[in-house]
Amino acid sequence: MKGSDTMNQEKIGRFIAENRKEKKLTQEKLGITNKSVSKWENGNCLPDSSLFKPLCQILDISINELFAGKKLNDEDKREANEARAMTIAEL
């Protein structure tokens, strides 16, 4: 899925790094090994799903923004909420 916004590891990694640096946090300050954070930020892997919520809280971003790899405007947020509602309805 290269080139797609859907779960692009490299884009998400860059976004994590940008937000971490914006908050002047070292990799260690995230409470995860710097080796793991480096893997995320270099796009080699994604954080474990159990870390999504705490990571988003530390970086002051939403889960939708984490997965999009960018800050979302109001229209993006509305579309993400609609997509999530449709997915839930399909379950």
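This is a predicted model: local features need pLDDT of at least 70, side-chain atom pairs count only at pLDDT 80 or more; totals for chains, interfaces and linings use all residues.

Student: Which residues of helix α3 are buried?

Tutor: In α3, which spans residues 52–59, the buried residues are Phe52, Leu55, Cys56 and Leu59. They lie on the same side of α3, because they cover an arc of only 100° around the axis.

Student: What do the buried residues of α3 pack against?

Tutor: They pack against α1 (9–22), α2 (34–41) and α4 (63–68).

Student: And which exposed residues are on the face turned away from the buried side?

Tutor: That face of α3 carries Lys53 and Gln57, both exposed. Just after α3, Asp60 adopts a positive phi of about 60°.

Student: Changing topic: how many salt bridges are there?

Tutor: The count comes to two. In one of them, the side chains of Arg20 and Glu41 meet at 2.6 Å, N to O. Arg20 belongs to helix α1 and Glu41 to helix α2, so this pair ties together parts that are 21 residues apart in sequence.

Student: Are those two residues buried or exposed?

Tutor: Arg20 counts as buried at 8% relative accessibility. Glu41 is also buried, with a relative accessible area of 12%.

Student: What about Arg78 and Glu75?

Tutor: Their side chains form a salt bridge with an N to O distance of 2.3 Å. Both residues lie in helix α5 (residues 74–90), three residues apart, which is about one turn of the helix. Arg78 is partly exposed, with a relative accessible area of 37%, and Glu75 is partly exposed at 37% relative accessibility.

Methods. Residues are numbered from 1 along each chain as its sequence is written. Side-chain values use heavy atoms; hydrogens and water are left out. Buried means under 20% relative accessible area, exposed over 50%, partly exposed in between (1.4 Å probe, protein chains only). Helices (H or I, at least four residues) and strands (E, at least two) are DSSP runs, numbered from the N terminus. The arc is that of the directions from the helix axis to the C-beta atoms. Contact means heavy atoms within 4.5 Å. A salt bridge is a side-chain nitrogen of Lys or Arg within 4 Å of a carboxyl oxygen of Asp or Glu.
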